[in-house]
Amino acid sequence: MVMEIKFDKVTADYQLGPIRSPRVLESVDLLLETGSFTAVIGHTGSGKSSLLKAMNGLLLPREGKITVGDSVIESEKSKKAFKKVRKQVGMVFQFPESQLFAETIEQDICFGPLNFGVPLKEAKEIALHALEQVGLDPGIRYKSPFSLSGGQKRRVAIAGILAMRPEVLVLDEPGAGLDPKGKSEIMSLITSWHNDNQLTTVLVTHDMEDVATYAEDVIVMNKGKIVVHDRVRNLFANQNVVEKWGLDVPEARRMQLMIERETGVTLPSVCLTTDELADALMEVGLV
Amino acid sequence: MNKLILGRYFPGESWVHQLDPRAKIVAAVYFIFVLFLANNWQTYVLLWAFTFIAMRYSQVPIRIYLRGVRPLLYLILFTVFLQILFTAGGKIYFEWGPIVISEYGLINGFYIFCRFVMIIFVSTVVTLTTKPIDLTDGINALLKPLRKMKVPVDEIALMLSISLRFIPNLLDETQKVMDAQRARGTEFGEGSLLKQMKTLVPIFLPLFVSSLNRAEEMANVMEVRGYQSGATRSSFRQLYWKHRDSVCLCVMITLTLGLLWLRNEGLFH
Ligand SMILES: Nc1ncnc2c1ncn2[C@@H]1O[C@H](COP(=O)(O)OP(=O)(O)OP(=O)(O)O)[C@@H](O)[C@H]1O
Ligand SMILES: [Mg+2]
């Protein structure tokens, strides 16, 4: 199934009471291919979350249009498209645990599927499966979601999105506020879900290690514009671009640059992970 | 949700913005009382003129005031409707069983409508041109005399300022939760009334939970920082009564005199 996401000169802002905010997306052109895993980075307030909301019809373009699969979001009138787009695009918000509301965990996870017309019995099976997927014991499904720990709540919330069986998964800093172990567990969960279901995945993150480890493509945003859209390796290979936008580089890449400066030896490839760095060092005989 | 303008501040430097919050609050409350002096069309014209001048001087676009009336429109129309039905006198235009539409009914209905809209406009002038924090300072200052009667004025003001402080947070959070549930397929404002009411549960529950959590955190933080109720404290922000504040009160007195005069004028007709 083709699930491209395409932005055509999209400009958007928020209407805030009496005051209209400045543009948060400014003539954004973007093409995300089916099955790609893209990380979105950029400084705080650069419009990353807004970009994700636009993909889900939650932030409407003032100019331009957004195409998700075969639905087009243009304005308020694209109402018909919303439901379809929201079923296809599963969106995990920042701190998604704040959206939990139901009496039991099972009911909460079933909420999405039921809204999209899945029969109750089937929804319950999906919920059970989703709980296993996020690494929780299915036995807790009759407990209240409010009785869980922060990390467990996060998993339940993510399960609630996965249960909608989206074809596109967009996540806004899913690891924020979790301990390193919880974070890497959630990240590998997302990666395996991405691979098993051939999803198109978009991930907003502040952590360059995540970008290096999990993503194939990367988008850099600045003041509502996409300033870089490239393969992850190409971005980190180009130190000029990295410095121009004030980005961090992954630990291994920083180490590589340091070694190259100290020894004067140029390693054969751009290393994004410690394993790659070790291999490259062995190749040139530095270790 | 973002269309709600109650309790929002519209930044500006206008004459009205610069008034002392005490003057503005007194003037607005006073205005509501003087409204009841109006009894004929001349007095209403005068009151409307006052309202419009106040709105103009605030330098806030008129459409923003109109937006403030919109959410209350049905309530106003309902009241006006009752007024029309239950006031008798004058010419009768329509009669069907107990339902009578009379001349006096229509006139009264129109007056009631004017009163409502003017009250909303004038109070919106105050809330749009005064920072919430100044508003509570003003209320605190005005309630001070009640302290002698053992009314916990400071606590009331603190409660007010905390609530006002968290209105924007609550609105933001409502927006966030609504977005999150919409992403899970909820559609607001569609289907039967019962269905629409059901869609509110996934919104309000998370909001209640987070509000309760926040209240508890807030209480703890205040305690840790040594807050004690009943302690005397001084204020960082001071209110200064200026020349223009006296002018404002003079305008109110002039308005009253004008109303009293026009009111009696009316009696002769
Ligand atoms: N609901 C909203 N109403 C009004 N303005 C908003 C709203 N949400 C975001 N903005 C504004 O839009 C701009 C972009 O915000 P956005 O949340 O997309 O940034 P971000 O890149 O996700 O930042 P962060 O890394 O902090 O999450 C900011 O200037 C912000 O002030
Ligand atoms: Mg964000």
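**Around ligand 1**

Mentor: Ligand 1 has 14 residues around it, and the closest are Val24(A), Thr44(A), Lys48(A), Ser49(A) and Ser50(A). A residue gets into this shell if one of its heavy atoms lies within 4 Å of the molecule. Keep in mind that we're looking at a predicted model, where local features need pLDDT of at least 70, side-chain atom pairs need 80 or more, and totals for chains, interfaces and linings use all residues. As for bookkeeping, residues count from 1 along each chain as its sequence is written, chains are lettered from A and ligands numbered from 1 in the order written, and side-chain values use heavy atoms, with hydrogens and water left out.

Now, what sort of residues are these? The shell splits into 9 polar, 3 nonpolar and 2 charged; Asp, Glu, Lys and Arg count as charged, Ala, Val, Leu, Ile, Met, Phe, Trp, Tyr, Cys and Pro as nonpolar, and the others, Gly among them, as polar. Helix α1 of chain A, residues 48–55, gives the most to the shell, with 3 residues (a helix is a DSSP run of H or I, at least four residues, numbered from the N terminus).

Next, zoom in on the polar contacts, meaning pairs of N or O atoms within 3.5 Å. In the side chain of Ser49(A), an N or O atom sits 2.6 Å from an oxygen of ligand 1. On its own, ligand 1 would expose 640 Å², and the protein buries 69% of that (areas by the Shrake-Rupley method, 1.4 Å probe).

Terms used:
A polar contact is a pair of N or O atoms within 3.5 Å; within protein, one must be able to donate a hydrogen and the other to accept it, and residues adjacent in sequence count only if both atoms are side-chain atoms. Helices (H or I, at least four residues) and strands (E, at least two) are DSSP runs, numbered from the N terminus.
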